[in-house]
Amino acid sequence: MPFRPMLRTLALGAVLATCAPVSAQTFGTLNQDSHAGIVDVVSAGMGGAVAATATPDSPFFSNPAHIAGTQRLGFTLFGATAGVGGNVRETYDFYDQTLGPAIEEGLDGIRRSDPDRLQAIYDEAFRIGTSQKTADVAVLAPSARMRVGRVAVGLGLFGSGTARAKISDDGGAGIPFIDLYSQADVLVPLTAATAVPGLPFRLDVGASATYLQRRLTAKADAIDALDPDDEKVYLFRGDGLRLGLGAQAHDVGTPGLDVGLALTNVGGALDMAFDRSIQIEGPDGAPDDLAEIARLEQRFDARGSAAAVRVGAAYRVPVRVPGVSNVTVATDYTSASTAEFGQSFQAGLRGGATVTLGGAFELRAGLSQGMPTAGAGVRTRYARIDYATYGVEDSRLLGQQSRRNHVVQIRVGLF
Amino acid sequence: MTIRLALATLAVALILPLTGCDETGGMTSDATTVIADAQIARQKRDFDRAEALLRGALDQDAQSAPVRAELAATLMARQGLDILDLGRIAQFVIDGTSGAPAAPAGAAHRGTCSFAGTGTPFNPTSVVGFPAIMASRAQIEEAIALTAPLLPASLTSFDACTAIAADGTLVYDRAGAATQLRASGLTNAQISQMLANNALARFLSAYLTVSTGLSQQATWYRMPDGSVGICADDPDALVEQTRPAVARLGTAVLSLDTRARAFGGATDLVDAATDAFADIREGITGFCASI
């Protein structure tokens, strides 16, 4: 019966479209390798401006020169980051109020009795599935920073996992197309910086080298190309070094005005090699699809990974209000794209402000890629917790495929 | 002064993205970028923008395979044409469900016909959604015209009675077709999408032709075994009039087969399409015998 495979395809597509997990703001794609790093929650809250204002993670991933500000031993014992974003609520509502009841009622019955309703469900599933949902996690294993003479150094161990899924009608004739990509990184950044003597202002310069071990997998096919009786995902692995250089000038021209410049992610795309397969459906021991492995390897090897240039300025506003401190406004431009396409100049602009209240509470706000950001944090000597909400442009132009994210981070250590 | 400059820079950085004057927001001649933008617009159901982008790109390079394929996809999506329509038609033809409320069809043809004794007459235009499909005819035909130059000859030039045998066996140069498609400048995903859209457009076009485009009275019969039969005043004329439609159906079947077996896709969909093709071809009395 001709309609059965179609209906099965559509039903599966509709379900997948709504439970489509995820993407993250630092994901790679089949066209572009992603940079090495984790979500910098503190900077995300203030619009992503980080080149000239240090955060706990910025010396490792944004500007190595920031480690030069280390005056005494500090470390993170452990920490974790979790984030979610995109149209998660809309997706849940659609499933709860429309798709779930329809599945329970029986899609085949609806097709017979009310084809217009099925068409509407189908269209809505695509609309929601095309809009990306996000989730990301990171583990902050021990990292430390210290000063050795005139040089400050930092060493850390980080793990991050991101995944992305998108369901569109790119399969042709309304057949759902699944675009899955997931990535797990182990990052070991070593960073060092020092102040350049003999200048009329303080200039810190730094360098970083990050060992990156990346595992990733992808599945990009029309849904009817997936074999419900024998389907595997193929895991690829690559290792490499990513290098970074950075500089930060303090009190340039006027007290409180800092300027930062960084070049990161130098090292090119990783050479990914097939590692192993994971059976999703079907019997264990089924042979691997060598053609799919070859296709994926070819695509991963063809990806680019451009170095990122970041330049910015920050102004530490002198405030003499009791209980208010560390008032800073900052702005950045970064060449790093947040999409799988090259982006416009405006998409690289970041800006924001932060203020500390009572010595322990931090409030942040800003604009990133034309979207407002906000953040808050509580900081003690032994622990800190931070939250940020920010927007990411997933496409080439601002406003094309915007996505709002929420991320929270907790870390314990000595700060 | 420096502070003012710093604050001014910050203000520009914050406000510039809000102006909406994204520097690359206009038309661009880079086909890859145009297609990416058009895909996003299509997925957001902004069909006006998607179509404008693609038609602009087509004006600059009428032979661009990716642009032609994406424009065909946009036209089909704009009209809301998808495999749901195909499934609805198939179900209607097989057992009469998905039919709009209408008076039962009676035999319209004159003379005798082998299907008339055992089959139940029906009106093929009474399937639910038929008016919308009919209203999309121009877009369907344009989609076919856009993808036609991209199709290998083995998918378009074949003998409908031998390339697709009665038992469903497909006899054509599949490997050659796949090689030719891969050399067209399309990615595997684009090829798969193009073949699916092409198949859908040709199925719908053929259905519109045989259901509304015949110059003589014809009657469709739904047979007890799920097949169909078509009777007409002049069987020979019916064969001639339906030949282009049957050829389109054949190309649709071969497109689906190439897609499934060379680029990944459901083979049961191919089997269903092949069965439907065989049904219709055999439902036209003497179609193959007259060749």
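# A guided look at chain B and its neighbours

Visitor: Among contacts in chain B between residues at least 6 apart in sequence, what share joins residues at least 24 apart?
Guide: Two residues are in contact if their C-beta atoms, placed from the backbone, lie within 7 Å. In chain B, 73% of the contacts between residues at least 6 apart in sequence join residues at least 24 apart. This is a predicted model: local features need pLDDT of at least 70, side-chain atom pairs count only at pLDDT 80 or more, and totals for chains, interfaces and linings use all residues. Residues are numbered from 1 along each chain as its sequence is written, while chains are lettered from A and ligands numbered from 1 in the order in which they are written.

Visitor: How many helices and strands are in chain B?
Guide: Helices (H or I, at least four residues) and strands (E, at least two) are DSSP runs, numbered from the N terminus. Chain B has 12 helices and 3 strands.

Visitor: What percentage of chain B counts as buried?
Guide: Buried means 20 or more other C-beta atoms within 10 Å of a residue's own; exposed means 12 or fewer; partly exposed is in between. Of the 291 residues of chain B, 47% are buried.

Visitor: Which residues touch the most other members of the largest nonpolar core?
Guide: A nonpolar core is a set of buried Ala, Val, Leu, Ile, Met, Phe, Trp, Tyr and Cys residues joined through C-beta atoms within 7 Å. The largest one holds 122 residues, and Met76(B) and Leu200(B) touch the most other members. Helix H10 (residues 188–212) of chain B gives the largest share of this core, 14 residues. Another core lies apart from it, with 22 residues, including Val50(A) and Ala330(A).

Visitor: What is Leu200(B) in contact with, leaving aside its neighbours within four places in sequence?
Guide: Its partners are Ala173(A), Met76(B), Leu81(B), Ile83(B) and Leu86(B).

Visitor: At what angle do the axes of H7(B) and H10(B) cross?
Guide: Axes are lines fitted to C-alpha atoms, for helices over the stretch in contact, and angles run from 0 to 180 degrees between N-to-C directions. Helix H7 (residues 137–147) of chain B crosses H10(B) at roughly 135°, and the axes come within 9 Å. Angles under 35 degrees count as roughly parallel, over 145 as roughly antiparallel, 65 to 115 as roughly perpendicular and the rest as oblique. H7(B) and H10(B) are therefore oblique to each other.

Visitor: How do H4(B) and H7(B) lie to each other?
Guide: Helix H4 (residues 65–78) of chain B packs on H7(B) at about 165°, with the axes 9 Å apart. H4(B) and H7(B) are therefore roughly antiparallel. On the H4(B) side, the contact includes Ala72(B) and Met76(B); on the H7(B) side, Ala143(B) and Leu146(B) are among the residues.

Visitor: Where is Phe158(B) found?
Guide: Phe158(B) is in the loop between helix H8 (153–156) and helix H9 (174–182) of chain B. With 19 other C-beta atoms within 10 Å, Phe158(B) is partly exposed. Leaving aside neighbours within four places in sequence, Phe158(B) is in contact with Ala163(B), Tyr172(B) and Gly250(B). The C-alpha atoms of Phe158(B) and Tyr172(B) are separated by 7.9 Å.

Visitor: What is the phi of Asn265(A)?
Guide: Most residues other than glycine have a negative phi. Phi of Asn265(A) is positive, near 60°. Asn265(A) sits in strand E7 (residues 257–266) of chain A. Asn265(A) counts as buried because it has 23 C-beta neighbours inside 10 Å.

Visitor: And what is the phi of Arg45(B)?
Guide: Phi of Arg45(B) is near 65°, a positive value. Arg45(B) lies in the loop between helix H2 (31–43) and helix H3 (47–60) of chain B.
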